[in-house]
Each structure stands twice: as structure tokens, then as C-alpha cells.
Amino acid sequence: MSLHLYNSLSRQVEAFVPLDPARPTMYVCGPTVYNYVHIGNARGPVVFGVLADLLRRRYGALAYARNITDVDDKINAAAAEQGVPIAAITDRFAAAYREDMAALGVRAPDLEPTATGHIGQIVEMIERLIDSGHAYEAANHVLFSIGSYADYGKLSRRDIDDMRAGARVEVAPYKRDPGDFVLWKPSTGDLPGWDSPWGSGRPGWHIECSAMAAAHLGETIDIHAGGVDLQFPHHENEIAQSECAHGGKVFARWWLHNGMLNFDGGKMSKSVGNIQKVHDLVAEHSPEALRYALLSAHYRQPLEWSDGLIEQSKRTLERLYGTLRDLAGVDAGAIAIPDSVEAALEDDLNTPRALAELARIAGEARKATDPAEQARLKNELLGAGLALGLLQQDPAAWFAGASEDGDDARIQALVDERNQAKKDRDFARADAIRQQLADEGILLEDTPAGVRWKRSR
């Protein structure tokens with residue numbers, strides 16, 4: 001089966017073929033490092049990390065860049081408040097971001113460019129835009145002229161005239177058009193700045209990604225990905241400035257956008273204040289359960305985030321690791337990813353279907369009695385987990401962590417698994433779970449309301 005991905009630019013699922021099969025390219029918008037990121041910011045790195053692994057398996061190579069925005073007004077404000085250079089803020093939170101992503105099983109990208117490390121490339125791209133008539137200098141700023149690019153709005157499908165009509169009254173007086181956006185802005189003595197043909201200043205937000213993508217991946221890249229909230233204006237502006245700077249060459253052939261996380265009925269957002277930081281969550285919960293939860297819905301759809309979702313994910317992993325523990329003596333051989341799981345991921349990263357396959361394989365493995373069948377199914381279970389970044393721990397390590405994370409949840413997961421085993425008439429498994437719990441001092445009681453448990457010691 002060929003890989004198919006939904007392209008936000010065409011609004012269609014299309015068969016993916018890279019420009020150079022020996023070196024597919026992918027750029028994912030990374031964090032602005034002025035604080036810890038929230039769990040919604042982790043969805044893109046997790047799901048697009050699964051895609052990165054899939055591309056490497058399929059093509060044998062991948063050039064994957066995920067940037068760090070380390071110059072920004074929020075960073076400047078944090079540094080000024082604490083009386084430190086911006087690097088003291090950005091170095092700290094970039095390191096925290098890497099640690100938090102690693103805890104969630106997100107592998108580091110091949111390239112991690114920073115905005116401050118590419119000031120020269122940014123200035124060069126702005127000069128090219130001015131020379132070609134797509135940008136202009138005004139009041140010590142340099143702005144991109146959206147009227148100079150006929151296709152402006154093609155990604156978000158927004159009409160320029162409608163955007164102009166909806167523009168705020170307090171538009172900067174130096175703009176020729178209300179929709180024109182900043183490429184370079186001046187810096188006073190108390191702000192970080194770099195020398196440029198337009199005086200000491202710093203780059204606007206949008207230009208940095210265009211310059212870094214071109215520097216490391218080329219003028220045309222295969223995939224550009226990020227949250228759907230970046231589609232406008234950030235990604236729209238990236239297209240405009242990149243294609244104008246490169247003589248009309250296509251900037252990104254596929255645009256992928258992950259949906260937002262909703263929490264307590266609204267979009268998770270720092271501005272709203274309804275956020276849960278990854279840094280806190282990985283300290284309170286199993287990071288693998290958080291990863292499972294982030295993969296539980298299709299990446300393009302919104303995801304309802306809740307304590308219940310985390311708990312459900314923990315219990316599911318308890319059952320899966322319990323299956324691997326039962327098969328501890330079985331040699332699985334060299335791990336291979338099952339075709340059914342690979343097919344699910346090649347169908348526009350259908351992680352819910354891949355997780356359903358994971359559950360199906362585990363269910364069959366729990367029932368298998370033939371040693372050869374057990375070996376085959378254990379291999380498939382581990383292979384399915386590998387494709388999703390799950391089940392890579394030793395079961396004993398998982399259960400030790402689960403005990404620290406909350407023993408009540410682990411016990412309830414075993415009780416639930418026993419109930420399901422009885423429904424499936426898998427009485428041997430049900431008896432084994434009862435005995436395991438009894439050995440731990442957990443007594444089960446059958447009541448009209450169902451099975452309850454209590455500690456005997």
C-alpha cells in the first residue's frame with residue numbers, strides 16, 4: 001500500500017511521493033521557549049514523530065527539522081522581568097522542552113535550527129524580497145506586501161478583501177495594506193538586536209521558519225506540519241514570503257495540521273489559562289499513558305483531554321503489558337511491524353485504527369496456547385507497539401512505575417481485565433489474575449453492583 005496523507009492545501013488525501021526518495025524532507029514548527037509547553041503543544045511532536053519513523057521505514061532516510069524560536073516578544077518580556085539575557089530564558093526552556101518530549105517517547109529531530117542562529121539567512125531572504133518588490137521598508141520596519149502575491153490566502157482559503165474589511169482600526173500607519181506583515185522590526189537599546197541594512201533590529205516571527213527551512217531542507221520541501229492554529233497567519237505567511245523569495249517555486253508540497261486539544265469545554269490555550277503543562281503531567285502520570293492518550297484520536301480531529309482519558313489510557317496499557325508479562329518466557333524473535341498496523345498508519349496516520357489492531361493482537365495473544373502462535377503474536381504485539389512508540393519497556397519496569405504512579409489504578413485495571421476474561425470464557429486467565437491479586441493481598445468480592453476489591457493487609 002502507498003502512503004496517503006491529507007494535504008491541507010488541496011483539502012484532499014493524496015498519495016505521497018517525495019521529490020527525492022533518497023531524502024524526503026519534513027519541517028515541523030517547534031516551540032517558542034519562554035516557559036514550559038502545555039500538553040496541546042506535544043500533540044504535533046508525538047503524531048508527526050510517528051510519521052517521521054514511518055517515512056524512515058519506507059524510504060530508508062529522512063531529513064526532519066523542528067525549529068526552536070528563541071527570539072520573541074514574550075521571551076524579551078520574561079528576560080526583562082527576571083533581569084537576565086534572553087539566552088538564560090531560552091536555554092533553560094529549550095532544555096526542558098527536549099526533556100519533556102523525550103519523556104513522551106518523542107525522538108529528537110535530525111535538525112533543530114534556532115532563529116538566533118540564522119539571522120544571516122533571515123536578512124538575506126528579506127533583502128531578496130525587497131529587491132523583487134515583495135517587501136518594503138517603512139519606519140525602520142520591513143514589511144511583506146501581501147498585495148504583491150496573487151495567491152495569498154490559498155492555504156487558509158481566506159479572501160484578501162474580507163481580511164482587509166475585518167482588519168482592526170488601529171493598523172500601524174506605516175503599513176501600505178492592513179494585511180502586510182512584519183519581516184524585520186527595530187530594537188531599542190533594552191531589547192536584543194542584530195545589525196542589518198535597516199538598523200539594529202530582530203526578525204518577525206514568520207520569516208524565521210522560511211529561512212531555516214530553506215537553509216537546511218531546500219527551497220521546496222516535501223512536508224510542512226504543525227498545529228491547525230498556525231495555518232493562518234503563520235503558515236500562510238510562510239508560503240507567501242518563501243515562494244516570492246524563490247522565484248515562485250512551491251514552498252511545501254504537503255501541509256499537515258493536527259487538531260487542537262480541548263479541555264473543560266474549550267481549546268487549551270495559554271491565553272485562556274486552561275492549560276496542563278507537560279512538565280507537570282509527566283511527573284504526575286505515566287508518560288507512556290500520556291502518549292497513548294495523544295494518539296487515541298485521529299491527528300486531524302480535536303481531542304478532548306481529561307483525567308478520565310489519561311486513566312483509561314493507563315488501564316489499557318496495564319492490560320497490554322499484562323499480556324507481555326504472561327508471555328515473558330516466549331521468544332518473539334526479530335521484531336517486525338504487522339502489515340495491518342503499517343496499513344493503518346499509511347492511511348493518513350490513522351492511529352486509532354492502529355491502536356485497535358494493537359488491542360486485537362493482544363486479545364488473540366491472551367487466548368493462544370500453541371507456542372508457535374504465542375511467539376507470532378508476541379512479535380506482532382511488540383512490532384505494533386514499536387510503530388506507535390508504545391510497549392517498549394520491560395513489563396516489570398512498567399508495573400513498578402504503575403505502582404508508583406497509582407496502585408489503585410493498576411489493581412482496578414487487573415480487576416477489569418479479569419471481568420473481561422470471564423466474559424470471554426478465558427477462565428485460566430481470570431483465575432491467574434485472581435491469584436496474582438491474592439498474592440498481593442487484594443481480595444475480590446462479588447456484589448450485586450459488580451466485583452469490588454479491598455486490601456487484606
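Start by selecting helix 1 (39–59), helix 8 (278–284), helix 9 (287–295) and helix 14 (395–423), each of which supplies at least two residues of the lining of the second largest pocket. Helices (H or I, at least four residues) and strands (E, at least two) are DSSP runs, numbered from the N terminus. This is a predicted model, in which local features need pLDDT of at least 70 and side-chain atom pairs count only at pLDDT 80 or more, while totals for chains, interfaces and linings use all residues. Residues are numbered from 1 along each chain as its sequence is written, and side-chain values use heavy atoms, with hydrogens and water left out.

**The pocket**

Helix 14 gives the most to this lining, with 6 residues. The second largest pocket holds about 420 Å³ of space. Of its 30 lining residues, select Ala 103, Gly 105, Pro 287, Glu 288 and Gln 393, the closest to its centre. A pocket is an open set of points on a 1 Å grid over the protein atoms alone, where a 1.4 Å probe fits, with protein on both sides within 12 Å along at least five of seven lines; lining residues have an atom within 4 Å of a point. Grid points are joined across faces, edges and corners, and the volume is the space filled by probe spheres set on them. Colour the lining by type: 15 residues are nonpolar, 8 polar and 7 charged (Ala, Val, Leu, Ile, Met, Phe, Trp, Tyr, Cys and Pro count as nonpolar, Asp, Glu, Lys and Arg as charged, and the others, Gly among them, as polar).

**Aromatic rings**

Next, show the rings: the structure holds 8 aromatic pairs. Rings of Phe, Tyr and Trp (its six-membered ring) pair if their centres lie within 6.5 Å; planes under 30 degrees apart count as stacked, over 60 as edge-to-face and the rest as tilted. Select Tyr 36 and Phe 93, an edge-to-face pair at 5.1 Å centre to centre with 90° between the planes. Tyr 36 is in the loop between strand 3 (25–28) and helix 1, and Phe 93 in helix 3 (residues 86–103), 57 residues apart. Phe 93 is buried, with a relative accessible area of 5% (buried means under 20%, exposed over 50%, partly exposed in between, with a 1.4 Å probe and protein chains only).

Then move to Tyr 321 and Trp 398, which are stacked at 4.9 Å centre to centre with 10° between the planes. Tyr 321 lies in helix 10 (residues 307–326) and Trp 398 in helix 14, so this pair ties together parts 77 residues apart in sequence. Both Tyr 321 and Trp 398 are buried. In helix 10, also select Arg 319, which is partly exposed at 27% relative accessibility.

**Charges over rings**

Select Arg 300 and Tyr 6: the charged end of Arg 300 sits over the ring of Tyr 6, 4.1 Å from its centre. The criterion is NZ of Lys or CZ of Arg within 6 Å of the ring centre and within 35 degrees of the ring normal. The charged end of Arg 176 likewise sits over the ring of Tyr 136, 3.9 Å from its centre.

Now select strand 5 (residues 135–138) and strand 6, which pair in the antiparallel sense over 4 bridges (two strands pair if DSSP finds at least two bridges between them). Ala 138 has His 141 in strand 6 as its bridge partner. The two strands form a hairpin with 2 residues between them, and Ala 139 in the turn has a positive phi of about 50°.

From strand 6 (residues 141–144), His 141 and Leu 143 point one way and Val 142 and Phe 144 the other, and all are buried.
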